[in-house]
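Work through the exercises below with the sequence and the 3D view side by side. Try each task on your own before you read its solution.

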Amino acid sequence: MPHGYAATPVGCPGVPPGRPGGRVRRYYPNVTRQLEQDTAAAGGPHFVRFGHFAYESGDHGDTWLSLELLFVDPQWLQRSAGLLAERLRRFSPDVVCGPLVGGALVAQPVAAALGARFVYAERQVSAGGPMYFVPPVARPTLAGRRVLIVDDVINAGSATRACAKDIRDAGGELVAAASLILRNGADLALSERLGVAVECLHSVRWNIWPPAECPLCQKRQPLDSPTGVEG
Ligand SMILES: [Zn+2]
């Protein structure tokens, strides 16, 4: 995510920005027990926050995941990447592509488990939303190959769509997209737009809205900042 989530919240007209906080909830019922236990063991109970957040995609939502915690315990990450890789083996990818930062950190062990190549995609800011590009020297790795996108989380799907465009522009054949965590329901819309299967290890339920339709903005609830809120 970065990818799905913004490090700096996007402003919303009429709503004061940057109130630090968001309520911490120790358990999140739709995350599997194993994920709760392992992330709690890795970094404490702050993995999920509830409040009013603005994501990199431009959408607003009621949940923030502190994805940095997914990478605190490399043994957990390796186990999870291995489980995700088993779900993806049937796509027989030649190359696994992960958007920097978190996506690439998951995509690399997935590629290793599948015996595939790995490339990362770098984010560039544009007015139309996030864009991701595979570095020029790595692009020949994609041409004519079966390519799988792996991210840490899929929220609005904007990073996945941007990676898919670049992979196809480089001559790769996109065979599937996947993430460790996926917003419940995001797979259906994304699969339809990309024309490939979308898989995940954990499906989690939270709400996102375009800012104009955000009920939290309509209640004039200030945006929460996901940064600087520990303690
Ligand atoms: Zn809002």
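Two residues count as being in contact if their C-beta atoms, placed from the backbone, lie within 7 Å. Angles run from 0 to 180 degrees between N-to-C directions. The model used here is a predicted one.

**Exercise 1.** Find the strands that helix α4 lies across, and state at what angle the helix runs to β8.

Solution. Begin with the helix itself, which covers residues 158–169.

**Exercise 2.** Give the order of the strands in the six-stranded open sheet, and explain why β7 and β10 are each left with one side that has no neighbour.

Solution. Reading across the open sheet, the order is β7-β6-β5-β8-β9-β10, and the pairing is mixed. The strands β7 (131–133) and β10 (197–204) stand at the edges, and because each has a single partner strand, one side of each is without a neighbour in the sheet. From one strand to the next, the twist averages 25 degrees.

**Exercise 3.** Describe how β5 and β6 pair, and name the strands that helix α3 touches.

Solution. Strand β5, residues 95–99, pairs with strand β6, residues 117–124, in the parallel sense, and five bridges join them. Within this pair, V95 stands opposite R117 of β6. Helix α3 (residues 102–114) packs on the sheet, where it touches β5, β6, β8 and β9, and its direction makes about 165 degrees with that of β5.

**Exercise 4.** Which residues of helix α5 are buried, and why do they line one face of the helix?

Solution. In α5, residues 186–194, the buried residues are A186, D187, L190 and L194. Seen down the axis of α5, these buried residues fall within an arc of 90 degrees, so they line one face of the helix. On the other side of α5, L188 and E192 are exposed. The buried residues of α5 pack against β8, α4, β9 and β10, and just after the helix, G195 takes a positive phi of about 75 degrees.

Definitions and conventions: Residues numbered from 1 in each chain as written. Predicted model: local features only at pLDDT ≥ 70, side-chain atom pairs only at ≥ 80, totals over all residues. Pairing = 2+ DSSP bridges. Helix = DSSP H or I, 4+ residues; strand = E, 2+ residues; numbered from the N terminus. Buried ≥ 20, exposed ≤ 12 C-beta atoms within 10 Å, placed from the backbone. Arc of directions from axis to C-beta.
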